[in-house]
Amino acid sequence: MTAAQTIQEKPFRQFCCITCGLIYDEQEGMPDEGFPPGTRWEDIPDDWSCPECSASKGDFVEM
């Protein structure tokens with residue numbers, strides 16, 4: 001099994017903004033923010049902020 005196969009088989013996760021409750025779902029992505037379906041949390045830039053309340057990426061917790 002290659003590293004790429006291992007990454008692809010990893011289950012998708014969800015992250016919740018602790019300020020407003022917005023959910024980021026890796027499986028769905030966030031196309032309006034430029035993140036197509038399947039975009040992993042670690043692939044979102046660290047300077048990204050919540051589109052609903054402007055909280056930082058660090059204000060999201062894994063569900």
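Colleague: What makes the three strands an open sheet with the order β2-β1-β3?

Modeller: In this predicted model, the three strands pair antiparallel in the order β2-β1-β3 and form an open sheet. β2 and β3 are at the edges with a single partner strand each, so one side of each has no neighbour in the sheet. On average, neighbouring strands are turned by 25 degrees against each other, direction ignored.

Colleague: How do you know that β1 and β2 pair?

Modeller: Pairing takes at least two bridges, and three bridges join β1, residues 14-17, to β2. They run antiparallel, and therefore the two strands count as paired. One example is C16, whose bridge partner in β2 is I23.

Colleague: What makes the pair of K57 and I44 a polar contact?

Modeller: A polar atom of the K57 side chain lies 2.6 Å from the backbone oxygen of I44. The limit is 3.5 Å, so this pair is within it. Leaving out residues up to four places away in sequence, K57 touches W41, E42, I44, P45, D46 and W48.

Colleague: Which residues belong to the largest nonpolar core?

Modeller: There are 12, among them F15, I44, W41 and W48. Beyond four places away in sequence, F15 touches several residues, including L22, Y24, W41 and F60.

Definitions and conventions: Residues are numbered from 1 along each chain as its sequence is written. This is a predicted model: local features need pLDDT of at least 70, side-chain atom pairs count only at pLDDT 80 or more; totals for chains, interfaces and linings use all residues. Side-chain values use heavy atoms; hydrogens and water are left out. A nonpolar core is a set of buried Ala, Val, Leu, Ile, Met, Phe, Trp, Tyr and Cys residues joined through side-chain atoms within 4.5 Å. Buried means under 20% relative accessible area, exposed over 50%, partly exposed in between (1.4 Å probe, protein chains only). Contact means heavy atoms within 4.5 Å. A polar contact is a pair of N or O atoms within 3.5 Å; within protein, one must be able to donate a hydrogen and the other to accept it, and residues adjacent in sequence count only if both atoms are side-chain atoms. Helices (H or I, at least four residues) and strands (E, at least two) are DSSP runs, numbered from the N terminus. Axes are lines fitted to C-alpha atoms, for helices over the stretch in contact, and angles run from 0 to 180 degrees between N-to-C directions.
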